[in-house]
Amino acid sequence: MSTMQQPVAGATTPATVTEATTTQRDPRDRAGRASRPNRRTRRPVDGRKVKRSGLLTAVMVVFVVYSFAPLFYLLVNSTKTQSSLLSTFGLWFGGKFNLWQNIVDTLTYNDGIFVQWLGNTLLYVVVGAGGATLLATVAGYGMAKFQFVGRRAVFAVVLGAIAVPGTALAVPTFLLFSQFGLTNTPWAIILPSLISPFGMYLIWTYAVDAIPAELLEAARMDGAGEFRIFFTIALRLLAPGVVTVLLFAVVATWNNYFLPLIMLSDPKWYPLTVGLNQWNAQATGSGAQPIYNLVVTGSLLTIIPIVVAFLFLQRFWQSGLAAGSVKA
């Protein structure tokens, strides 16, 4: 009886339907299914669930539209003639495609005065913004790494200068420069642009953590002078902060309007901002000569260099803002 209950040699016990189906599947397929998240659940990021908000998404869409609508308007209307610009819908193409002719007319109008305004703007940016960045870097590094009498007073003056808007100083600056005969000259724009309290403060706060004091002491023990330490060691470590200050200074100088407006009376020294406003003013008054198509095209050409500069420098700008925020 016990012999009949034993299974025959070589025979296998019958498997259930579930076990048979499971054994026929690839084990890697089961592992993939186990690790695959459910579509209804949100994938965690850094151990936290991703939260989605329809309200925040709508707000971001509004901000994106608000930011790109003026650029789209310039691009669309730069392709129109003077007549189609005033007779077609402003946010879409219409009439003859006249972009290339508008560019040529903008560059050659009034004996190429636009090109001269572009050269003046580049002069103010290179000398003014470049000089402001250099002075802010040197001053900020000195304030961060050297101790001297009156350091707290300088700190208070810098913070006070940041709080004062530039437009409030335009008229006093004009009166001061008129006493020295510097109005209606490039120096009336370059000299005020050399002062950047915010740039100095930014380099100051960045240099505190970016340049270790032990590194400077080691360089001094090796016999390096202060100027050599600054240009060979400190300046390289300050590169993200310097590029950040340079970007801010370039944008501020390129878009400067009020100071050149009150300082300059000769159109040959105008920057692009004041020159384009003068073209726009030709549409009013007796003997009006509206050239709106050239104003729009000139505005489009004006923003291209600053957009290109931002695209090239934004990675330094982002690293400069984040540096020093986290300590090891």
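A nonpolar core, as I use the term here, is a set of buried Ala, Val, Leu, Ile, Met, Phe, Trp, Tyr and Cys residues joined through side-chain atoms within 4.5 Å. A reminder to myself: this is a predicted model.

**Entry 1, the largest core.** I looked up the largest nonpolar core and found 25 residues in it. I then asked which of them touch the most other members. They are W117, I189, M263, L264 and W279. Next I checked where the core comes from: α6 (99-145), α9 (187-193), α13, α14 (258-263), α15 (272-281) and α16 (292-322) each supply at least two residues. The largest share belongs to α6, with 6 residues.

I turned to α10 (residues 197-210) and α13 (residues 239-254), whose axes lie 10 Å apart at an angle of about 165 degrees. Angles over 145 degrees count as roughly antiparallel, so α10 is roughly antiparallel to α13. The crossing of α10 past α13 is right-handed.

Which residues make the contact? On α10 I listed F198, G199, L202, I203 and Y206; on α13 they are P240, G241, V242, T244, V245 and F248. Sorted by class, I count 8 nonpolar and 3 polar residues in this contact, and no charged ones.

How values were computed
Residues are numbered from 1 along each chain as its sequence is written. This is a predicted model: local features need pLDDT of at least 70, side-chain atom pairs count only at pLDDT 80 or more; totals for chains, interfaces and linings use all residues. Side-chain values use heavy atoms; hydrogens and water are left out. Axes are lines fitted to C-alpha atoms, for helices over the stretch in contact, and angles run from 0 to 180 degrees between N-to-C directions. Helices (H or I, at least four residues) and strands (E, at least two) are DSSP runs, numbered from the N terminus. Angles under 35 degrees count as roughly parallel, over 145 as roughly antiparallel, 65 to 115 as roughly perpendicular and the rest as oblique. A crossing is left-handed if the near helix is turned anticlockwise from the far one by less than a right angle, and right-handed if clockwise. Contact means heavy atoms within 4.5 Å. Ala, Val, Leu, Ile, Met, Phe, Trp, Tyr, Cys and Pro count as nonpolar, Asp, Glu, Lys and Arg as charged, and the others, Gly among them, as polar. Buried means under 20% relative accessible area, exposed over 50%, partly exposed in between (1.4 Å probe, protein chains only).
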